[in-house]
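Subject: Structure for your review

Dear colleague,

I am handing over the structure below, followed by an account of what was found in it. Please read the text beside the model.

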Amino acid sequence: MRVINVAAAQMGPIQRADSREAVVARMIALLDEAKRKGADLIVYPELALTTFFPRWYMEDQREVDAWFETTMPNAAVQPLFDRARQHSIAMNFGYAELTPDGHHFNTAIMTDRDGNIVGKYRKVHLPGHVEYDTERSHQHLEKRYFEPGDLGFPVWRNLGGIIGMAICNDRRWPETYRVMGLQGVEMVVLGYNTPSVNAQKPAEGVTQRLFHNRLSVQAGAYQNSCWVVAVAKAGVEDGHALFGGSLIVNPDGEIVAEAVTEGDEVLVVPCDLDATRFGKETIFDFARHRRIEHYGLITSRTGAVPPE
Ligand code: CDT
């Protein structure tokens, strides 16, 4: 057995006025709880340090940039790194990254158990739109504020297994998991902020949205025989509801833990990475069963083109 005790650290809402310092204090409380529950690795949500600011339409770039981190760790986040090192817990969390040469990414990092950053991922599948959309019940302006990630879907071996990262909307795309599956991934960790209502289809509420969340994560885990740890930021942020439903899914695609609140909540599960082997050596033994000669359209065509 090769067990990683993983903590899914769901976070409740962060209001627009909340400071980074206040949020980091909450993250440290979750880290302490994860330590008491025996965690080796803690996974926090997408854009964990702030409210989900892409719901707000902004034209002033200085106002936009105030939501971004130019260094990591920085003074506000350093206490989290210090406590993680003290507890010997590896971390994954998301934040808005502004690079020295002016690029904006929706980013997640992985630290090792000594608090060193050992991996970085930048969100590839950005949902939403660029301009203010009067047809929507709320705005989702990720395409306005971020560039698509430029790092692909790497995996890392530093933490005792083969681990990869994704962010929110990435979990709905089979390509996300498969590119990592082709590198032997044993665990995918991801955070999300998902509105409880579909802005373009108000009848689609939280029950159906949670169904899609489970469906996407469970399919990714099963079809690539890996663990998936998916962690929400949830609850009502300045009047805008995000669903919870953080979950840990095993390599058979079964849910082994699921959050029951829309607040700060920690789930800890011992994940045996050797449990990924059966699926990888049988039905999803890619080397024996994949037929790449028929998959060319996946990388040569972006949108669907029906036949004439
Ligand atoms: N943050 C994020 O990626 N949220 C999306 C909402 C999609 S609706 C524009 C998600 O896939 O959950």
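A nonpolar core is here a set of buried Ala, Val, Leu, Ile, Met, Phe, Trp, Tyr and Cys residues joined through side-chain atoms within 4.5 Å, where buried means under 20% relative accessible area, exposed over 50% and partly exposed in between, with a 1.4 Å probe and protein chains only. The model is a predicted one, in which local features need pLDDT of at least 70 and side-chain atom pairs count only at pLDDT 80 or more, whereas totals for chains, interfaces and linings use all residues. Residues are numbered from 1 along each chain as its sequence is written, and side-chain values use heavy atoms, with hydrogens and water left out.

**The cores**

The largest nonpolar core has 48 residues, and the members that touch the most others are Leu-41, Met-187, Val-189, Val-229 and Ile-248. Strand β9 gives the most to this core, with six residues; helices (H or I, at least four residues) and strands (E, at least two) are DSSP runs numbered from the N terminus. If residues up to four places away in sequence are not counted, Val-229 touches Val-6, Ala-8, Val-43, Met-187, Val-188, Val-189, Leu-190, Leu-247 and Ile-248, contact meaning heavy atoms within 4.5 Å. A second, separate core of 27 residues includes Leu-30, Ala-39, Tyr-44 and Met-91.

**The sheet and its helices**

Six strands form an open sheet with mixed pairing, in the order β6-β7-β8-β9-β12-β13, two strands being taken as paired if DSSP finds at least two bridges between them. Because β6 (155-156) and β13 (255-258) stand at the edges with a single partner strand each, one side of each is left without a neighbour in the sheet. The pairing of β6 with β7 (residues 163-167) is antiparallel and runs over two bridges, with Val-155 opposite Gly-164 and Trp-156 opposite Ile-163. Helix α5 (residues 174-181) packs on the sheet, where it touches β6, β7, β8 (187-192) and β9 (227-232), and its direction makes about 165 degrees with that of β7; axes are lines fitted to C-alpha atoms, for helices over the stretch in contact, and angles run from 0 to 180 degrees between N-to-C directions. Helix α6 (residues 206-224) also packs on the sheet, touching β8, β9, β12 (247-249) and β13, with its direction at about 30 degrees to that of β12.

Six residues lie between the strands of the β6 and β7 hairpin, and among them Gly-160 takes a positive phi near 90 degrees. On its other pairing, β7 joins β8 in the parallel sense over five bridges, and Ala-166 has Leu-190 of β8 as its bridge partner. Five of the five residues of β7 are buried, so this strand is largely enclosed by the rest of the structure. Ile-163, Met-165 and Ile-167 point one way from β7, while Gly-164 and Ala-166 point the other way.

**The ligand site**

An N or O atom in the side chain of Lys-123 is 2.7 Å from an oxygen atom of the ligand, and for the side chain of Arg-171 the corresponding distance to a ligand oxygen is 3.2 Å. A nitrogen atom of the ligand lies 3.1 Å from a backbone N or O atom of Asn-193.

**Backbone details and single residues**

Most residues other than glycine have a negative phi, and most peptide bonds are trans. Ser-88, in the loop between α3 and β3 (90-98), has a positive phi near 55 degrees and counts as partly exposed at 28% relative accessibility. The peptide bond from Met-72 to Pro-73 is cis, with omega near 0 degrees, and Pro-73 is found in the loop between α2 (61-65) and α3 (78-87).

Gly-245 lies in the loop between β11 (240-242) and β12 and counts as buried at 9% relative accessibility. Its C-alpha atom is separated by 7.8 Å from that of Val-231, 14 residues apart along the chain.

With best regards

Note on methods
A polar contact is a pair of N or O atoms within 3.5 Å; within protein, one must be able to donate a hydrogen and the other to accept it, and residues adjacent in sequence count only if both atoms are side-chain atoms.
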